[in-house]
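Here's a quick briefing to read with the model open beside you. Have a look at it first, then work through the points below.

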Amino acid sequence: MKGWPGTSEVIRWEVMRNLRNRSFLVGMLLTPLVALLMAGVPALLGYLDRPTPQTYAVVDRIDGYAVLEDLVTDGQVRLVPAGDAGAAQARVDTGEVDGYLVLDDEFLETGVLHLYVSDRDRPVPGGLQEALTRLLQGRRLGAVGLDLDDAERLLAPAAVVRTVLGQEPGDDPAPDWHRLPTAIGAVVLLMLLIMTSGTMLLQSALQEKRDRMSEVVLSSINARQLMAGKIIGHFLLGVLQAVIWLAVALPLAGLVFKVQITRWIALESVPVIALFFLLGYLLYAALFVAAGATMEDIQNSSSLQGMVFLLPFLPFLVLGPVMINPTGSIARTATLFPLTSPVIAVLRVGMGDVPAWEIAAAAVLLLLAAALVTYAAARVFRVGMLMYGKTATPAEIWRWIRTP
Amino acid sequence: MGVPDEVLIVDRVVKRYGGKTAVDHVSFEVRPGEILGFLGPNGAGKTTTLRMIMGITAPDEGRILFRLPEGGTGAVPRGASAAGGSGRIPAHLVGYLPEERGLYRDARVIDVLLFLASLKGLRGRAARARAMEWLERFGLGPQARARVNQLSKGMAQKVQFIAAVLHQPRLLVLDEPFSGLDPVNQELFMEEIRRLAAQGCAVLLSSHQMNLVEAMCERIFLIHQGRRVVYGPLAEIKAAYGVHRVRLLVRDPAWRVPASGLVESAEYDGPRATVLLKPGVEPAAFLASLPADAPIEEMAVARISLHEIFVRIARGEAAA
C-alpha cells in the first residue's frame, strides 16, 4: 500500500466523512444564507426606516421655481408653489406642508435662505440644499454672462496622460481594471479556504488522535500518505464550499449591482493567481495539520500553536502601505516573503504591472517555502500523531523536525 | 513453494529513546498457525517492539523480516527515517490491534470498517460482505449503520477487533487485546483468535494478563526491562522454571511440615498449608519425606503459574 493508493483512500474518506456530517453540510449551506442575511438585513432595515418625503411650499419672487423643481431629484423633497408667505404659513399650520421658503433677491444677494418649518427635529434635506446651491450658482454666473456648463469646464481638473519614452503615445495603457476585482476575489477566497479548510484540517488531525486512530491507520499507510490525504481531501472540501458559495454570491452580486460578473474577471491573470493560490494553500495547510498533530486539544494549545492561527493574517499588517505605494519597498518585500506573498503578490498583480522577475522570484520562493514547510510538517506529523495526552513543547517540535 | 517455517523474524532488535534502551537485542520468530505469547509487565518494551514490527517506529539496530506467503515479504528498515508508517511492510497481509486504539466516534460502524479495509487493499462489495459477515458473527449486524458513539464499550471493542482481521491477515499482531473486556467478551475474543490460528494465521499476542496467554499459547516470549527473559515452548519453560506447589488440608492446625532441604517455603492458614518445593524437587520425593503419621486429609500438587514464574525470574529468584 505505497504511494497514491493509500493517499487516495484517505482523500475519499475525509471528503465522504464530511459530506455525511450534518454539521459540515449545514455549515456549508447555511453560510451563504447567513451572508445574505448579513448583507440583506441592514438594507431592509434602511429601507423600512427611510425618511419620509418632505413637502415645502415655495414663495417665488425671482422666477426660479421651475428651475428649482427640476434640480430637486432625490425623491425625498417635494415642492409646491405658494402665492405669498401668509398662504404658505397657512398651509404649514394645516399640516399640508412641512415648511416653506421664499426665493427673493435677498437670497440671490446674500446666499442666505430661511427655511420655515413646523418640526424642529427635522433636518434640512440634503437634496434641497444641493438644489438651492445650484440655483444660486446658476443665477450668479448668469449675472456675469456665464452658464453652469462653462463654469464646470473652467474649473475641471487637469488630466495627466503618461507616455513612456521610446513608445508611441497611448502605448502605456492604465492597468486592466478587471484585474483588481479578480485579485481581491482570489484573496478573499484564499483566506476563506485557509480559515475553513485549515481549521478543519487541524481538527481532523486532533480527532485522529482523540479517537486513538493514528496507530491503526499508520499500521497500513505511512504518515506522509496520511498527511497528504488529509491536505488534499480538505482542499477539495474547501473548493466545493467555495464553489457553492460563489454559485450563490456571484449571480446575486450581479443582480444587486446590475453588472455582468463575468466581465469583472480578468482571465489573463488567472494562471498567476492560481499558482499563488495553490502554493499558499499548501503552505498554510501543512502548517495547520502539523500544528494539529502537536496538540492534545484546542484548549491546551500553546502560544506557538496559537501563532499558527495568526500567520495567515500577516499580509494584512502590510496591506495599508502596499495599497498606498504598490511599488514601494514594503510592497516588494511582502511580495517576495512566502508568508505574505500569496496575498500581496496577487493583489499587486491586480493593482498594476509587476515586473515578471518579481513574480517569478516570489513564486520560486513560495514554492521552496511550501516544500520546506511540508517536509518539516511531515516530520512533526509522524511523531506528533502517536503522542497522546500532552501538547508538544517548542523544543520537542524542533527535535522532531531535526530527526531525519 | 511450501509454507515457510517463520512468517515473522525479529532479529537482535534494539530501540533507544534518548539515553534509555527500551528494547535491547530482542529476537524471536512467529510461525504460521501458532499463537506466540509476548509477555511482560507494563513498560517492559512490548508495545515498542510491536510498533517496530508494524513499521510505525523503526529499530535502531537489528532486523525485522516478513516471510509471508502471496508475495508478503519485506523488512522494516533501520534508522528513524523509516518511522511514521508502514510503508515497507506487507501491510495488506498483516493485521494490527494496537494498545492505544479507538474508532472515529462520529462515523458509522460500516464506514469505519470499509475505510480501514480499503487501506489494506480490500474494497468494494467483497469488503462490505466480509464486514457484514464479521459484524453478524459478533452479533453487531443491527449496529452496522449506527454511529460509533452510539455503541457500548464492548461493542466498540468488537468493531476494533473486526477492523484488525477483516482483510484476512496472515500475521495478526494483537497488543493487549483483552484489556477492558468483560469475561464474556474475553472468552469470545480468545475463541476467535484460536479459530484464526487454526486457519493458519500466525498470531503474536502481547499481554500482561499472563493467565489468559497461558491458556492460549504454546510458545511464549517473556520480556522484562527491554530484554528477553524466557523464550520457548510453554511446557518446557514450566518444566525448567516451574517448581511444584503442594496444597495440604490437615486435621491439626498446629501441625507443621518438617524442615528439609526439599521445601523452599511453607505458609499456614488454619488447617490449610501451602508448600512451595525447591526447583527440581519432585512431588513424590516430598511425599516420601513426610512422617507416616502426618495428619493429612487432602493433598493437591500443581506447577506454579506462568505469572509466578515471571515474578520469580524478574526478582532473580529462579535460575535463568
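Of the 320 residues of chain B, what percentage count as buried? The figure is 41%. Keep in mind that this is a predicted model.

**Chain B overall**
- Chain B is built from 9 helices and 14 strands.
- Along the principal axes, its C-alpha atoms fill a box of roughly 75 × 45 × 40 Å.
- Two domains make up the division of chain B: domain 1 covers 8-238 and domain 2 covers 243-303. Their C-alpha centres lie 43 Å apart.
- If you take the contacts in chain B with a separation of 6 or more, 66% of them are between residues 24 or more positions apart.

**Where chain B meets chain A**
- Chain B puts 28 residues into the contact, and chain A puts in 25 residues.
- On the chain B side, helix 2 (residues 109-119) gives the most, with 4 residues.
- Sorted by class, that side of chain B has 14 nonpolar, 9 polar and 5 charged residues.

**Nonpolar cores**
- The largest nonpolar core has 146 residues, and the ones with the most contacts inside it are Val289(A), Leu113(B), Val203(B) and Leu205(B).
- Helix 11 (residues 270-293) of chain A supplies the largest share of this core, 16 residues.
- A second, separate core has 20 residues, among them Leu79(A), Ala88(A), Tyr100(A) and Ala131(A).

- As background, most residues other than glycine have a negative phi.
- Arg212(A) isn't a glycine, yet it has a positive phi of about 55°. You'll find Arg212(A) in the loop between helix 8 (179-210) and helix 9 (214-218) of chain A.
- Is Arg212(A) buried, exposed or partly exposed? Arg212(A) has 18 other C-beta atoms within 10 Å, so it counts as partly exposed; buried would take 20 or more.
- Arg12(B) also isn't a glycine and has a positive phi, here of about 50°. Arg12(B) sits in strand 1 (residues 8-17) of chain B.
- Arg12(B) is exposed because it has 12 other C-beta atoms within 10 Å, and the exposed class takes in residues with 12 or fewer.

Note on methods
Residues numbered from 1 in each chain as written. Chains lettered and ligands numbered in written order. Predicted model: local features only at pLDDT ≥ 70, side-chain atom pairs only at ≥ 80, totals over all residues. Contact = placed C-beta atoms within 7 Å. Helix = DSSP H or I, 4+ residues; strand = E, 2+ residues; numbered from the N terminus. Nonpolar A, V, L, I, M, F, W, Y, C, P; charged D, E, K, R; others polar. Core = buried A, V, L, I, M, F, W, Y, C linked by C-beta atoms within 7 Å. Domains from an automatic or database assignment.
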